[in-house]
Amino acid sequence: MARLDLVGRPLVTVRQVHGARVLTVVPGAVPPGPSELRAFPVNADGMVVRKSNIVLMVGVTDCAPVLLADAGRGVIGALHVGWRGLLRGAVEQMAVAMARAGARPSEIVAQIGPAIGSCCLTVGADVRAAVSHRYSKAFATSRQGDPALDLRAGVIQALSASGINQSRVVGGCTAHNADEHFSARRDGRTGVQAGVIAMRAGY
């Protein structure tokens, strides 16, 4: 928090379950506790807040952290999304929640952080068929020639379908970068990266 100049601001998260629920955070309902971490006892994979000093955080290993902002309207969101959440419509639900909070899709900027790449995200042929039927850009083949998914390409396609066309990918494959990222696919039980977003002071 110190490196991000966010010390003293409430940092909130939720219980992530690989679903599509997005929680709209009401500042007055933030659980008590130290400013460094306040967890809502809610099963969800995304959060949205408007005009607040609250910091949103999602934890990821190989799933994608998606951070969104309409800075002009003071709306931010954070989403944890893997292939299950993608298939369940998590990205679209985030877009809806952002709009309900006052954001305009055309003004939302999305950043998709490090996640497992199509080179390593092998899945069953049935999973690839189900996901790529909805998000054709997610169809992929691994380095070994097995059915795979391009998770972040699928996220970008879902964002675009929701009217959010300002998006960019940051970082590479988590499974390939052992010195920089945790990866459950690579290591089994492991730690997590954090995707964090906040409005600047004086928004």
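**Reasoning about cores, contacts and strands**

Q: In this predicted model, which residues is L68 in contact with, once its neighbours within four places in sequence are left aside?
A: L68 is in contact with V75, I76, G77, M94, M98, I108, V109, A110, L159, I164 and I197, and contact here requires heavy atoms within 4.5 Å.

Q: What makes L68 and L86 stand out in the largest nonpolar core?
A: This core has 40 residues, and among them L68 and L86 touch the most other members. At least two residues of the core come from each of β6, β7, α1, α2, β8, α3 and α4, and the largest share, 6 residues, is supplied by α2. There is also a second, separate core of 19 residues, whose members include V12, F40, L67 and M199.

Q: Why is V192 called exposed?
A: The relative accessible area of V192 is 52%, and the word exposed applies over 50%, so V192 is exposed. V192 lies in the loop between α5 and β12, and its contacts beyond four places in sequence are V60, T61 and F182. V192 and V60 are 132 residues apart in sequence, yet their C-alpha atoms are 5.3 Å apart in space.

Q: How do you know that β1 and β5 pair?
A: Pairing needs at least two bridges, and 2 bridges join β1 (residues 11-15) to β5 (residues 55-60), so these parallel strands count as paired. V12 stands opposite L56 in β5.

Q: Why do β3 and β12 stand at the edges?
A: The open sheet has the order β3-β1-β5-β12; β3 and β12 each have a single partner strand, so one side of each is left without a neighbour in the sheet.

How values were computed
Residues are numbered from 1 along each chain as its sequence is written. This is a predicted model: local features need pLDDT of at least 70, side-chain atom pairs count only at pLDDT 80 or more; totals for chains, interfaces and linings use all residues. Side-chain values use heavy atoms; hydrogens and water are left out. Helices (H or I, at least four residues) and strands (E, at least two) are DSSP runs, numbered from the N terminus. Buried means under 20% relative accessible area, exposed over 50%, partly exposed in between (1.4 Å probe, protein chains only). A nonpolar core is a set of buried Ala, Val, Leu, Ile, Met, Phe, Trp, Tyr and Cys residues joined through side-chain atoms within 4.5 Å.
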